[in-house]
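Good morning, everyone, and thank you for making the time. I would like to take you through one structure this morning, so please have a look at it before I go on.

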Amino acid sequence: TGTPFSIGAGDELYYESVALLVSDGIREGNWHILDLMHRHGADIHFSDMGYPIYISILYWIFYDSILIVRIIKAVLSAWTAVLVYKLAARNFGEQTGRIAGVFCMLMPNLMYYCSFQLKEVEMVFLAMLFVERADFLLRNGKLTLLPTAALMLIPLSLFMIRTALAATLVLAFFCT
């Protein structure tokens with residue numbers, strides 16, 4: 001397509017344009033991120049603003065580098081496989097954990113979405129991070145305030161990316 005985006009990249013181009021606008025605004029000293037996002041002309045709701053803010057901050061730090069964003073996606077995807085391994089090994093044994101980690105590593109969806117400027121890799125990573133850390137806390141047997149509050153920061157950030165997933169994770173944790 002002549003761009004680093006896929007064919008029919010509506011969401012990718014939207015995230016890109018918002019991120020470029022916000023990162024440029026931050027470089028000029030304007031830290032009113034919500035105003036900058038609304039200046040883009042879109043009606044951005046709370047549940048949709050997490051990923052454009054995340055990309056904007058990465059662009060601000062790494063000077064609008066799409067390559068760095070994709071590398072970070074690959075690292076998060078690899079870390080997701082490690083989290084799957086840790087969770088499965090803790091619950092089902094070392095060999096099962098290894099197999100689960102390898103299956104996650106070879107999962108076509110994670111590889112496929114690493115090449116897009118979409119929020120799926122980050123969303124799956126945050127969900128898996130929450131599940132693994134929640135399992136660790138619950139199996140530890142002691143729910144203290146600080147680790148539990150730190151754990152709840154994960155779905156708080158996820159509420160800005162995918163509200164239904166964040167609510168499900170929190171509800172599942174408290175039901176457990």
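This is a predicted model: local features need pLDDT of at least 70, side-chain atom pairs count only at pLDDT 80 or more; totals for chains, interfaces and linings use all residues.

Let me begin with the helices. Two packed helices are described by the angle between their axes and by the distance between those axes. Here the pair is α8, which covers residues 145-158, and α9, which covers residues 163-175, and their axes come within 7 Å of each other and cross at roughly 155°. Because angles over 145 degrees count as roughly antiparallel, α8 and α9 are roughly antiparallel to each other. If you look at the residues that meet, α8 contributes Thr148, Leu151, Met152, Pro155 and Leu158, while α9 contributes Thr163, Leu165, Ala166, Leu169, Val170, Phe173 and Phe174. Sorted by class, this contact has 10 nonpolar residues and 2 polar ones, with no charged residues.

Now to the aromatic rings, of which the structure holds 10 pairs. One of them joins Tyr51 and Tyr54, with 5.9 Å from centre to centre and 40° between the planes, and this pair is tilted. These two tyrosines are 3 residues apart in helix α3, residues 50-62, so about one helical turn separates Tyr51 from Tyr54. Tyr51 counts as buried because its relative accessibility is 1%, whereas Tyr54, at 25%, counts as partly exposed. Another pair is that of Tyr112 and Phe116, whose ring centres lie 4.7 Å apart with the planes at 85°, so this one is edge-to-face. Here Tyr112 counts as partly exposed at 49% relative accessibility, and Phe116 counts as buried at 10%.

Finally, let us turn to the backbone. Most residues other than glycine have a negative phi. Tyr63, however, has a positive phi near 55°, and Tyr63 is placed in the loop between α3 and α4. Asp64, which is not a glycine either, has a positive phi of about 60° and is found in the loop between α3 and α4. With a relative accessible area of 64%, Tyr63 is exposed, while Asp64, at 27%, is partly exposed.

Conventions
Residues are numbered from 1 along each chain as its sequence is written. Side-chain values use heavy atoms; hydrogens and water are left out. Axes are lines fitted to C-alpha atoms, for helices over the stretch in contact, and angles run from 0 to 180 degrees between N-to-C directions. Helices (H or I, at least four residues) and strands (E, at least two) are DSSP runs, numbered from the N terminus. Angles under 35 degrees count as roughly parallel, over 145 as roughly antiparallel, 65 to 115 as roughly perpendicular and the rest as oblique. Contact means heavy atoms within 4.5 Å. Ala, Val, Leu, Ile, Met, Phe, Trp, Tyr, Cys and Pro count as nonpolar, Asp, Glu, Lys and Arg as charged, and the others, Gly among them, as polar. Rings of Phe, Tyr and Trp (its six-membered ring) pair if their centres lie within 6.5 Å; planes under 30 degrees apart count as stacked, over 60 as edge-to-face and the rest as tilted. Buried means under 20% relative accessible area, exposed over 50%, partly exposed in between (1.4 Å probe, protein chains only).
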